[in-house]
Amino acid sequence: MSGKPIIILGIESSCDETSASVTRNTNVLANLIASQKIHELYGGVVPELASRAHQKNIVPVVEEALKQAGIKKEEIDVIAFTRGPGLIGSLLVGSSFAKAMSLALNIPLIEVNHMQAHVLAHFIRKEDVRGHGENPKFPFLCLTVSGGHTQIVLAKDYLDMEVIGETVDDAAGEAFDKAAKILGLPYPGGPLIDQYAQEGNPNAFKFPEPKAEGLNFSFSGLKTAVLYFIRDKEKENKNFIQENMNDVCASIQHTIIKILLDKLIAASKQTKIKEIAIAGGVSANSGLRNALTETGKQLSWNTYIPPFEYCTDNAAMIAIAGYFKYLKGEFAEQSVAASARYTL
Ligand code: KG4
Ligand code: ZN
């Protein structure tokens with residue numbers, strides 16, 4: 001490879017965010033995210049509506065990203081897109097667009113695993129912004145917590161990762177969103193629980209911590225416990241939720257964080273690795289960010305927390321993953337198929 005910087009167009013469309021990013025090597029020049037509001041009406045992502053919204057958004061989002069980056073189409077060296085995992089209809093929109101554009105511009109194509117990209121978000125840089133901390137050093141552990149996944153990943157190198165623990169049922173983000181729904185909050189409820197929790201007492205109510213084998217997680221029992229808890233409390237006082245929203249949210253959040261951190265501590269002990277990162281939508285949670293920092297201090301970990309804009313789904317992480325694959329010459333064929341269950 002020559003020393004010339006590489007301009008990458010990244011495209012992300014795995015769930016309900018249509019995102020395009022332009023990067024120069026690992027520096028982000030633009031990162032546009034169109035969030036789909038339509039799903040709020042239904043209390044969760046409706047796959048068919050997500051695909052249609054991606055179709056509507058993708059061209060303007062890509063054009064705006066190029067405009068903000070000050071990059072012409074002809075200057076793009078390579079297109080990286082999310083191959084999976086995710087909703088198949090949503091993935092098809094982004095992957096078809098990326099393939100067509102790579103053909104039209106006669107430039108290579110790179111397929112990216114969305115979960116690997118969440119971990120690699122730690123290597124995103126912004127030329128004009130200071131304050132991005134150090135990169136994690138290999139090997140490191142990354143707790144990737146999103147709406148669809150909860151994994152402890154052993155990152156041995158940029159493109160060499162192993163899942164050493166994962167959820168056996170719901171993801172951590174799902175636990176937040178489902179608990180929020182029970183409390184009558186709109187989708188996605190995770191950020192709202194985070195907000196209310198900041199004013200509440202995390203020890204006000206006790207919820208069970210479902211157990212799973214080894215480094216795995218389980219969250220579905222928590223959702224059921226919250227459902228029965230609220231049902232019983234509302235029998236005594238129909239205003240229970242309104243009167244206790246902060247404390248209930250703080251207690252639920254505290255439980256989810258404890259489940260996550262207990263396993264992360266076990267993973268660190270087992271692997272003897274003290275470079276510890278978090279990634280994915282739930283890593284935007286202020287309670288989790290604080291708890292990781294505190295635990296890190298106690299256990300002499302080096303901890304790594306992505307900036308907020310790179311926690312939830314974004315195309316900058318896809319472009320950065322694309323960059324590392326470019327360096328290794330890992331290009332995709334036009335025949336590459338989107339994969340809903342693409343594993344790490
Ligand atoms: O990574 P992401 O954007 O999409 C997936 O790949 O799933 O994660 C979305 C998830 C949702 O469940 C959302 O509620 C959760 O991340 N989330 C949060 C917060 N911000 C986003 N959960 C708790 N606290 C937050 N601040
Ligand atoms: Zn994600």
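Which residue has a polar side-chain atom 2.9 Å from a nitrogen atom of ligand 1? That residue is Asn285. Before going further, a word on what you're looking at: this is a predicted model, where local features need pLDDT of at least 70, side-chain atom pairs count only at pLDDT 80 or more, and totals for chains, interfaces and linings use all residues. Residues are numbered from 1 along each chain as its sequence is written, chains are lettered from A and ligands numbered from 1 in the order in which they are written, and side-chain values use heavy atoms, with hydrogens and water left out.

Now step back to the shell. Ligand 1 is surrounded by 19 residues, with Gly147, Asp177, Asp194, Asn285 and Asp313 the closest; a residue counts as near if one of its heavy atoms lies within 4 Å. By class, that shell holds five nonpolar, 11 polar and three charged residues. Here Ala, Val, Leu, Ile, Met, Phe, Trp, Tyr, Cys and Pro count as nonpolar, Asp, Glu, Lys and Arg as charged, and the others, Gly among them, as polar.

Ligand 1 takes up the space of the largest pocket, meaning that more than half of its atoms lie within 2 Å of the pocket's grid points. A pocket is an open set of points on a 1 Å grid over the protein atoms alone, where a 1.4 Å probe fits, with protein on both sides within 12 Å along at least five of seven lines; lining residues have an atom within 4 Å of a point. This one holds about 1300 Å³ of space, a volume being the space filled by probe spheres set on the points, which are joined across faces, edges and corners. Its lining has 44 residues, and Asp16, Gly147, Asp177, Tyr187 and Pro188 lie nearest the centre. Helix H4 gives the most to that lining, with six residues; helices here are DSSP runs (H or I, at least four residues), strands likewise (E, at least two), numbered from the N terminus.

Another cis bond runs from Phe138 to Pro139, with omega near -5°, and Pro139 is found in the loop between H3 and strand S6 (140–145).

Finally, there's the second largest pocket, with about 380 Å³ of space. Its 14 lining residues include Pro85, Gly148, His149, Glu166 and Arg341, which lie nearest its centre.

Definitions and conventions: Polar contact = N/O pair within 3.5 Å; in protein donor to acceptor, adjacent residues only side chain to side chain.
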